Amino acid sequence: MFKLVSTYKPTGDQPKAIVKLIHGLKNGQKQMILLGVTGSGKTFTMANVIAELKKPTLVISHNKTLAAQLYQELKDFFPENSVHYFVSYYDYYQPEAYLPHTDTYIEKDVKINQEIDRLRHAATQALLTRNDVIIVASVSCIYNLGSPEDYKNLSLEIFEGQKISLIEAVKSLSRLQYKKDYEIKRGGFRNTKDEIEVFSADGNNLHKIIFNKNKIFKIYTAKVGHPDDVEFEKPNYQRILEAKIFPAKYWIAPDQKIDIALENIKTELQQTVQKLKKEGKGLESERLIQRTLYDLRLIKETGYCHGIENYSRHLDFRKPGAPPFTLLNFFKTKGDFLTIIDESHITIPQLKGMHQGDKARKETLVEYGFRLPSALDNRPLHFEEFEKRINRSVFVSATPSKHELKKAGKQGLVEQLIRPTGLLDPTIEIRETKNQVKHLIEEVKRRIAKKERILVTTLTKRMAEDMAEYLADNGIKTNYIHSEIKTLDRLEIIKGLRTGQYDVIVGVNLLREGLDLPEVSLIAIFDADKEGFLRNTTTLIQTMGRAARHINGHIILYADKTTRSMQTAINETLRRRKTQEDHNQKNNITPQSIKKAIKDYDLPIKRKREKIYDELSTPINPKAWYDISEIIKQLEKTMTKAVKELDFETALTIREQILKLKKNGK
């Protein structure tokens, strides 16, 4: 079912890791660990496991950008299979909340990314119709998504010769939340007196249905891309005999269930109002009655309302406290799928922490009459519920935590320490803190002379800023990064390091997972002996790993004593380095630094008071130089294209520029 396509062949200890993982998973080992060092090709190893195991696969990553990278890599490895991307579809998300101490109600405010919404529908539809599916997801995969049975059963199935009038078909599409509009969009339709055009929710198909005397006369379909693409304007229609149109939204209940669900909601409303009145909360009870009855009228009339997910327990006919339906329920194989948790030492704590924060916010809304108690069942899974819904799983990390090690045991631990390029883990030295800054400057200048880059980590933001300023005063091109630096500015600083605009970046805790900087040969860690989150074993190993892509990778730990965390991190790094050296010597391998293209994070335009200079690939009309609205419109198109290509960093950069233009244009 899965066909792996690649010019690569397993090398180093990849073959051994692949065999051990497959053997363990096929022979009853439920949890396994792939302990893979930076640059060892962990994704390729997992691709081989997926191809051999032949099971639908869920890959969970701890953030959207890394998930997008995994998605692109796996899509390249499995071009003939169904690889999909499922992350939170909010560009902006302000959850509904109430602040009692200031009597402030904050209405839910979101901006939905339509491209990601399309990809989510494509993922769920693939899960319901195919077995050769790989879904790369963020932790949003454990959030309430609605019943897969309703989503599947409510689909409009049409076939040539079917007895159904155009009016009935229009009503069915409206019931599935397709919007009628002259300009057809994804999840929408338009019609004449004898023809309907429907653009599917997953954005892949444009259907044309022709009617004749209350029957479907002919059905045509065309594979289309984005509405801005040429093929959308001139679709290549082909005649088909039948089609299935999935709902445009989740949380849609069948007509026969709606009335029962609404009555159950009314019953809960009556019980809750009585309770609030007994507690002397007259204002809260009136508020709840008004809000709930308004929602019920909308659901009755249109099948949908803003915040309908808060009534999902009733619409799904779940018992109070029962876990919600999530992406995991959409797998056809009911738990018999492979789960891969990437960077598990970060992702698992995220999965564990999702529920509690959501619960605290909703309890306040319930207490003050903004929501019914059943809204608490619109929630992410508890971690224990998540574990029950997965079967075989692989934790992927260079630094697995106690949770993974306990679950997998010694038999389930698989190491992948050899890099295809033969690179070794960095060398390490401990230096006393006396004259540490003077020593660092000397080391930095040596590296700069070789055109190499340096990372320096401190314990606080203030220390990072002061250190960067001091290095700059000594003639070293330096910048700093910490949590108060905007995401887009961080990207520019990181790019500046790679291109040579800076030789040194000073940071706190931002120079770890997901940062691949092949130019960095030296990492200096100040206050290495200050035990805590920033200087524990996992953090030290992950930080050291940023120098593992350079042939001269070296770590300096500035400390006056050697803590247990330091010693453990040093021992583990030396163990890995010894294994790598032995392999290189045995196979006559000469280490080579990793080379990686520098991604362009440049702002698309630079604005000055007197003129706007265009740096876009598509030239802006010179007449529009002073027309801010026209430039914003063109930038938004470029941003949409970047999102479609899952280049979120570029999209964020453009969005930041749009906001600046809007602000300056007022």
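Me: Why is Ser 344 called buried?

Reply: Buried is the word for a relative accessible area under 20%, exposed for one over 50%, and partly exposed for what lies in between (1.4 Å probe, protein chains only). Ser 344 has a relative accessible area of 0%, so it is buried. This is a predicted model, in which local features need pLDDT of at least 70 and side-chain atom pairs count only at pLDDT 80 or more, while totals for chains, interfaces and linings use all residues. Residues are numbered from 1 along each chain as its sequence is written, and side-chain values use heavy atoms, with hydrogens and water left out.

Me: What does Ser 344 touch, leaving out residues up to four places away in sequence?

Reply: A contact requires heavy atoms within 4.5 Å. Ser 344 touches Pro 349, Phe 395, Val 396, Ser 397 and Glu 404. The residue sits in helix H11, a helix being a DSSP run of H or I with at least four residues, a strand a run of E with at least two, both numbered from the N terminus.

Me: What makes the 52 residues a nonpolar core, and which have the most contacts inside it?

Reply: The name applies to a set of buried Ala, Val, Leu, Ile, Met, Phe, Trp, Tyr and Cys residues joined through side-chain atoms within 4.5 Å. The largest such core has 52 residues, and those with the most contacts inside it are Leu 58, Ile 135, Cys 141, Leu 327 and Phe 386. Among the elements that each supply at least two residues are strand S1 (31-36), strand S2 (57-60), helix H4 (114-129) and strand S8 (133-137). H8 gives the most, with seven residues. Leaving aside neighbours within four places in sequence, Phe 386 is in contact with Ile 60, Ile 142, Leu 328, Ile 341, Leu 351 and Leu 381. A second, separate core of 37 residues includes Leu 25, Met 46, Tyr 85 and Val 87.

Me: Why are S3 and S19 placed at the edges of their sheet?

Reply: Two strands pair if DSSP finds at least two bridges between them. Seven strands form this open sheet in the order S3-S8-S2-S17-S18-S1-S19, with parallel pairing. Strand S3 (82-86) and strand S19 (413-416) each have a single partner strand, so one side of each is left without a neighbour in the sheet.

Me: What makes strand S24 largely enclosed?

Reply: Six of the six residues of S24 (residues 520-525) are buried, so the rest of the structure largely encloses this strand. Strand S21 (residues 453-457) is joined to S24 by five bridges, in parallel, with Thr 457 opposite Ile 525. S24 also pairs in the parallel sense with strand S25 (residues 554-558), over four bridges. There, Ala 524 has Ile 556 in S25 as bridge partner.

Me: Why is the crossover from S24 to S25 given a hand, and which one?

Reply: A crossover is right-handed if, with the strands pointing away from the viewer, the path from the first strand over the helix to the second runs clockwise. The chain crosses from S24 through helix H17 (residues 537-544) to S25, and this β-α-β crossover is right-handed.
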